[in-house]
Amino acid sequence: MARHQIRVTVNGTPREAEVDSRLLLVHFLRDVLRLTGTHVGCDTTHCGACTVLLDGLPVKSCTVLAVQANGRELMTVEGLEQDGKLHPIQEGFWEQHGLQCGYCTPGMMMTSYALLQRTPNPTELEIRQAISGNLCRCTGYVNIVKAVEYAAEKLRKRE
Amino acid sequence: MFPPSFDYHAPGTLPEAVELLARHRDDAKVLAGGQSLLPLMKLRLGQPAHLVDIGRIPGLEYVEEKDGVLRIGGRTREAVLERSEVIRSGWPILADTAAVIADPLVRNLATVGGNLAHGDPANDHPATMIALGARVVATGPKGSREIPVADFFTGLFSTVLEPDEILTEIRVPIPPPRSGGAYRKLERKVGDFATAASAVQLTLAPGGEVERAGIALTNAGPVPVKATEAERYLTGKRLDPATIAEAARLAAQAASPTADRRGTVEYKREMARVLTMRALRAAAERAKGGR
Amino acid sequence: MAPRTSPEICGMGHSMKRKEDPRFVRGQGRYVDDIALPGMVFMDIVRSPFAHAKLKKIDPARAMKVPGVLAVITGETLAKFNLHWMPTLMSDTQMVLPTEKVMYQAQEVAAVIATDRYAAADGVEAVEVDYEPLPVVVDPFKALAPDAPVLRTDKKGKTDNRIFHWEAGDRQGADAELARSEVVVKQDLYIPRIHVASIETCGCVADFDKAQGKLTVYMTTQAPHAIRTVFALVAGHVGLSEERIRIVSPDIGGGFGGKVPVYPGYVIAVAASVVLGKPVKWIEDRMENLQADSFARDYHITAELGAQRDGTMTALRIKTIADHGYTDAAANPSKFPAGMFSICTGSYELQHAFAEVDGVYTNKPPGGIAYRCSFRVTEAVHAIERMTDILAHDLGMDPAELRLKNFIPPEKFPYRSALGWEYDSGDYAAALRKAMDRIGYAALRKEQIERRARGELMGIGISSFTEIVGAGPSKQFDILGIKMFDSCEIRVHPTGKAIARFGTKSQGQGHETTYAQIVAEELGIPAAHVQVEEGDTDTAPYGLGTYASRSTPTAGAAGAIAARRIRDKARKIAAHLLEVSEEDLVWEPGKFSVKGAPQRSKTIQDVALAAYTNHPPGMEAGLEAVSYYDPPNLTFPFGSYICVVDIDRGTGEVKIRRFVAVDDCGNIINPMIVDGQIHGGLTMGMAPALLEEISYDEDGNIQGGSFMDYLLPTAMETPSWETDKTITPSPHHPLGAKGVGESATVGAPPAIANAVVDALWHLGVRNIDIPITPEKVWRLLHEKGVAE
Amino acid sequence: MPFRIDKTFVLRAPSSAVWQFLTDPRRVARCMPGAAVTEQLDDKTYAGTLLVKVGPVSASYKGQMTFARLDAQGRSAEIVASGQDVRGKGGATMRLTSKLVERAPDETEVVASSEVNVTGILAQMGRGMVQDVGDRIFARFTDGMRAELEAPAAAARVEAAGAPVPAVPAAGAEAPRLREVAPPSAAPPAEPVDVLSLGADAAARAVSRSLRRPRFWFIAAIVAVLTVLWLITRARR
């Protein structure tokens with residue numbers, strides 16, 4: 001079985017490891033780096049619980065090989081908080097009750113984070129479209145939309 | 001779910017990639033976006049011994065208009081196509097299509113070339129590209145060859161691509177003025193394959209009659225369906241409701257869908273008709289507004 | 001209701017931000033798969049491709065050669081310890097691993113233990129199994145036919161496939177009254193099999209410590225204490241006695257009823273850990289979760305509703321065939337094989353009613369667990385609310401008017417229903433009127449007429465449901481004999497902070513916040529300083545767990561009672577400190593003061609300190625209490641939902657334009673959380689109404705066994721829910737609360753189905769079974785000649 | 001998940017030759033490459049394995065086939081076959097009856113009808129494509145049969161009758177565009193065969209390799225695998 005030395009930057013920190021060809025990115029993050037905030041919810045690329053940013057774009061890490069990420073930038077939920085301060089997305093989900101069981105939340109937040117990078121002032125429809133690759137079974141999405149709107153406003157105020 | 005073991009290759013150039021494919025032939029698969037291939041491997045149904053990742057080969061992702069042709073790099077991600085100014089401004093049918101493929105996260109990895117080369121009649125680009133009269137470029141050991149998309153699909157999951165060929169570019173002739181296109185898809189929910197979908201690209205004569213019509217259907221048989229009769233019928237006609245209805249009826253006749261959880265054969269054929277009608281109306285509107 | 005406590009104390013009625021969220025938004029929740037123990041190995045499961053087949057041979061040889069594979073466990077292995085069968089919660093039996101035959105597709109056949117997940121999966125592929133297919137029975141009606149093969153050949157003397165016959169009410173009375181009724185509407189309704197599909201699948205880490213002879217199981221369970229007892233019963237004979245079993249339910253990624261049963265995977269992992277002396281992790285994948293875990297619903301209902309011409313309802317008669325799969329592993333109270341189905345008289349004054357249910361074995365996985373609903377209440381509500389609409393349409397009455405005419409009036413509560421329940425409180429008309437105002441009912445009816453004239457299809461659907469939750473009073477309710485009380489233990493520390501532990505287990509409901517608010521409400525200790533813990537059987541008091549909306553009605557009440565016991569002791573201590581008699585003290589949240597001399601007071605914090613430093617002579621030190629709360633009755637939340645749909649005449653697609661939900665769950669602990677529960681419940685009500693279904697072909701091949709075909713709604717299919725409330729406190733609950741987690745799941749499906757049928761009634765459509773797919777609608781439009 | 005494949009086609013060969021062919025597993029086999037007989041259990045029963053490779057999908061089946069009925073007078077035969085995926089993903093059974101009608105001295109009509117029943121993961125994913133692929137396989141087989149019984153040049157188009165046949169491009173028609181069966185380099189016994197790329201000329205090539213094994217009965221298994229491919233690649237969504 002082929003092994004590969006890979007070098008990635010995760011949440012700003014360079015990480016190195018030797019991995020099998022077949023190791024999925026999500027297992028690299030969870031089992032090798034022990035960053036367990038990224039979850040697994042399905043096997044067929046439907047649920048988005050495993051969403052992380054690969055070179056700034058949200059992707060489903062259960063359908064990417066760890067070797068494919070070699071030399072690239074990764075950002076996970078653990079990278080949202082900066083110097084002990086919650087990111088507005090995290091605040092929004094807390095303030096607006098945008099989560100219940102918390103399982104889909106990291107993926108949801110990473111997708112929302114990427115949306116706001118590109119679209120600082122999204123409409124409700126734009127938010128719903130953006131998160132349509134992430135399944136939530138608890139919230140009915142209403143408060144997730146509010147959470148993203150909250151974060152958007154907060155980020156706009158920042159600038 | 002966990003994929004079986006395989007060897008992973010990340011060539012830095014096209015020739016290297018082709019060389020690897022030529023060496024491993026049927027034991028190798030091209031890894032582009034991986035959004036169809038990796039799930040298949042996770043389910044342990046695909047067990048290719050070698051994956052040739054073309055993700056590190058520069059110059060395979062672009063969307064540009066040059067010498068009357070729209071050129072889309074084979075490894076262009078759907079999200080890039082979706083956001084490209086060229087597409088948003090001048091190619092509504094492609095904008096329609098890119099926006100309904102899988103979901104936004106999948107589109108950040110899935111590629112236009114992969115969507116075609118996979119040979120899946122349920123994928124959305126084949127119908128669109130057939131309607132547009134596109135051609136694809138296959139690059140292999142003997143260099144490159146151009147293939148009309150209409151001749152590209154030979155059967156379920158089979159295309160004319162040789163095991164050592166890579167789909168490197170899609171070429172679409174820029175339509176003349178008074179052209180317009182639309183893609184209409186019925187899906188059970190976001191991310192689903194089409195229950196039925198119809199791609200229509202029209203060019204109108206100054207008088208308003210149809211000069212050229214391209215119509216194709218998604219998931220309407222083992223290969224993408226080109227609705228040749230409907231196209232022929234429309235040519236030279238004005239697009240009144242009756243004509244649109246008849247063209248849609250002819251298009252649906254060309255469909256030979258199979259029943260599954262998405263619907264019965266009867267329903268799918270009917271939806272091909274309804275969606276073709278809707279795509280025709282939208283395409284006509286857009287044609288009047290320019291391209 | 002204005003909060004009695006200050007925002008600092010944050011008792012009932014405050015929309016307190018959830019205390020559990022900081023860890024979740026940081027990705028620091030601790031779910032089962034996040035647990036990694038030294039030396040941990042991984043388990044994966046070989047499953048049957050056949051729905052019914054004889055096991056001829058299991059050959060592990062090839063699997064044992066796979067690098068990393070440590071062991072292959074089969075039914076024979078477990079049989080050596082008599083662990084190959086286990087009891088279900090309904091006192092049926094279920095295979096852990098088969099030794100003779102498999103009974104449903106995807107049933108566990110063998111388990112592979114390996115050093116990592118990938119190797120285990122490699123091993124599963126290499127296990128060779130020989131099957132001899134047997135005749136498959138998937139249709140419960142065929143299963144009841146005299147010539148049907150008997151499926152449970154393991155049961156000595158079993159000659160048919162009937163599991164149970166259950167009935168409630170007065171058959172003769174109902175028959176006679178229906179015969180007398182001027183109008184009787186009759187309808188077959190199928191409530192399909194569905195799956196909770198929580199985004200976290202099931203799994204566990206079983207850790208048997210040989211040195212201490214102690215088993216710790218971290219597992220996805222909604223009922224850790226009951227599970228511990230079940231494990232002790234199943235494995236007692238191999239030396240696992242209850243004091244040496246610890247079940248830990250960590251953060252749970254959604255439960256909805258799917259994490260109540262004991263699945264074979266848990267038991268195999270435990271056996272593997274005991275045998276290997278290593279921690280064993282088993283995490284099922286999504287397809288295993290959708291294909292093999294317990295299912296909900298699968299009720300074939302025939303309902304008849306009688307009335308007089310003026311719309312007065314007279315009698316209800318319901319016959320149901322319940323498909324339970326190959327074993328009755330439902331999670332119902334023991335005496336209620338059909339759960340609370342007898343709530344089927346709903347919100348209406350019905351003098352006569354009769355309901356009967358026959359449970360049937362088929363070649364399917366176990367059914368009969370909940371899908372975010374209190375035992376079979378969804379099925380009951382769907383039946384009565386659909387029948388009410390059909391009756392209204394047949395009588396040419398407005399469905400709202402018919403409901404208002406037949407509602408149990410507020411003054412008749414507590415109300416004893418024809419099927420024997422005592423409804424605690426309700427004001428059904430108030431909720432419906434509020435919903436009608438909120439959505440502009442009259443205007444919508446006008447619009448509908450105009451649109452119809454234009455050939456457009458628009459429908460308005462109402463559902464005025466009554467739930468029955470909070471199981472339950474010990475005189476009727478037990479599971480495996482264990483009474484369905486629930487518990488709370490509170491300790492107040494010297495600095496006036498507290499820890500409160502409960503017998504329930506949150507799976508997203510926010511117990512860490514709402515329970516803290518209950519304690520704050522009763523003791524005046526800021527909710528921020530009340531640490532709530534659940535799910536560890538070594539530390540939490542015994543309880544039956546969280547499902548069927550029972551946490552607030554039972555454990556929540558226990559919390560209030562325990563807090564009040566502490567307050568009683570605190571009063572004595574305060575009296576001692578203030579040198580007055582208890583009677584001279586006035587309590588306000590957080591403080592005792594002397595009647596007429598409010599400046600003389602002691603805070604709960606003063607009292608707490610004194611409890612450890614200066615307690616009265618003759619009194620024991622400390623400030624803590626326990627309560628095992630046995631509810632005097634169930635609670636009956638209710639509400640009225642109104643849904644507006646538009647139908648695409650070309651494709652048959654149903655679009656929910658608006659959906660207004662007015663809920664009444666009694667007194668509210670945290671309005672924000674209640675709203676969130678309703679949003680989620682509505683979405684899980686819409687899903688089976690329009691999208692989700694698990695079906696089987698004639699050979700028992702599951703259809704809808706992956707997220708490709710089991711259609712969970714995304715943000716795009718989900719409308720923007722509009723919620724509102726009325727408040728009718730429960731007279732018997734210490735806090736006047738009722739529970740709300742499932743009301744919306746129960747109430748939403750008939751509102752949507754009624755709306756779609758309402759849009760098509762004028763075409764001669766009486767019923768569409770859920771899920772209402774575009775093709776089902778299109779087919780009707782096509783038949784009636786109105787399809788585009 | 002049972003379904004039928006009914007086909008009627010005409011061969012330019014005497015009925016006696018066709019009959020001999022259809023009742024000789026070894027010859028029949030040549031038209032379905034990719035299999036190996038592990039043993040002949042009795043005069044009418046064979047056991048064997050099948051390796052199928054379809055694009056990225058590969059699967060290994062084991063099974064049995066029996067001549068349930070042979071009526072030389074009536075020129076009709078019935079074959080019962082069953083296969084099981086060794087990776088435990090499912091199984092397939094097939095009952096095939098074929099009858100010969102002499103149209104002219106050197107023209108024989110073959111009326112073949114089979115009931116295929118598949119179980120397991122592929123049957124979970126919807127029946128539609130199984131039918132499609134079944135027809136496809138059948139077309140392959142008839143082409144292979146032509147290559148065996150007629151002059152290769154005469155390879156003509158399949159006339160489908162009976163059950164409605166989906167618009168699968170006839171193998172003959174698409175043959176020129178089809179890929180090689182397998183790399184010339186590798187040709188081990190029971191070498192996996194790429195069914196999708198198996199066109200008439202490919203079939204002929206397979207025949208020229210003249211592997212001497214019964215394979216006709218593996219149709220069901222192949223159908224199964226092809227379906228899995230088609231459906232599972234949708235697993236993404």
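Let me start with chain C: of its 788 residues, 64% count as buried. Keep in mind that this is a predicted model. The scores are ipTM 0.92 and pTM 0.93. For chain C, the mean pLDDT is 97, and 100% of the residues reach 70 or more.

So, the build of chain C. We have 19 helices and 34 strands. Along the principal axes, the C-alpha trace spans about 85 × 75 × 50 Å. Now the radius of gyration. Chain C comes in at 27 Å, which agrees with the value near 28 Å that a compact globule of 788 residues would have. Next, the contacts within chain C. Take those with a sequence separation of 6 or more: 80% of them link residues 24 or more positions apart.

On to the domains of chain C. The assignment gives three ranges. Domain 1 is 21-29 + 486-629. Domain 2 is 32-134 + 202-283. Domain 3 is 296-471 + 633-783. Look at the pair of domain 2 and domain 3 in chain C. Their C-alpha centres are 37 Å apart. The contact involves 17 residues of domain 2 of chain C and 22 residues of domain 3 of chain C. What is the make-up of the domain 2 side, by class? On the side of domain 2 of chain C that touches domain 3 of chain C, there are 9 nonpolar, 7 polar and 1 charged residues.

Next, chain B. Its secondary structure has 11 helices and 14 strands. The radius of gyration is 19 Å, close to the 19 Å from the globule rule for 291 residues, so chain B is as compact as a globular protein of that length. The C-alpha trace of chain B spans about 55 × 45 × 30 Å along its principal axes. Buried residues make up 68% of the 291 in chain B. And the contacts within chain B? Counting those between residues at least 6 apart in sequence, 65% join residues at least 24 apart.

Now put B and C together. The contact takes 19 residues of chain C and 13 residues of chain B. Which elements of chain C give two or more residues to the side that touches chain B? They are helix 4 (117-126) and helix 19 (774-783) of chain C. Helix 4 of chain C gives the most to that side, with 4 residues. By class, the side of chain C that touches chain B divides into 7 nonpolar, 5 polar and 7 charged residues.

Over to chain A and its contact with chain C. Here 41 residues of chain A are in contact with 43 residues of chain C. Four helices of chain A each supply at least two residues of the side that touches chain C: helix 2 (88-95), helix 3 (105-118), helix 4 (124-130) and helix 5 (142-158). Helix 2 of chain A has the largest share of that side, 4 residues. The side of chain A that touches chain C divides into 18 nonpolar, 16 polar and 7 charged residues.

Staying with chain A, there are two domains: domain 1 (3-79) and domain 2 (88-158). Taken over C-alpha atoms, the centres of domain 1 and domain 2 of chain A are separated by 21 Å. Their contact takes 15 residues from domain 1 of chain A and 11 residues from domain 2 of chain A. On the domain 1 side, strand 3 (51-54) and strand 4 (57-60) of chain A each supply at least two residues. Strand 3 of chain A has the largest share of that side, 3 residues. By class, the side of domain 1 of chain A that touches domain 2 of chain A has 8 nonpolar, 7 polar and no charged residues.

Last topic, the nonpolar cores. The largest has 435 residues. Which of its members touch the most others? They are B:Leu217, B:Ala251, C:Met43, C:Val112, C:Val519, C:Ile752 and C:Val756. Zoom in on C:Val756. Setting aside neighbours within four places in sequence, C:Val756 is in contact with C:Gly459, C:Val645, C:Val654, C:Ile768, C:Ile772 and C:Val777.

Methods:
Residues are numbered from 1 along each chain as its sequence is written. Chains are lettered from A and ligands numbered from 1 in the order in which they are written. This is a predicted model: local features need pLDDT of at least 70, side-chain atom pairs count only at pLDDT 80 or more; totals for chains, interfaces and linings use all residues. Two residues are in contact if their C-beta atoms, placed from the backbone, lie within 7 Å. Ala, Val, Leu, Ile, Met, Phe, Trp, Tyr, Cys and Pro count as nonpolar, Asp, Glu, Lys and Arg as charged, and the others, Gly among them, as polar. The radius of gyration is taken over C-alpha atoms; the globule rule is 2.2 Å times the number of residues to the power 0.38. A residue is buried if 20 or more other C-beta atoms lie within 10 Å of its own, exposed if 12 or fewer, and partly exposed in between; C-beta atoms are placed from the backbone. A nonpolar core is a set of buried Ala, Val, Leu, Ile, Met, Phe, Trp, Tyr and Cys residues joined through C-beta atoms within 7 Å. Domain bounds come from an automatic or database domain assignment. pLDDT is the predictor's confidence in each residue, from 0 to 100.
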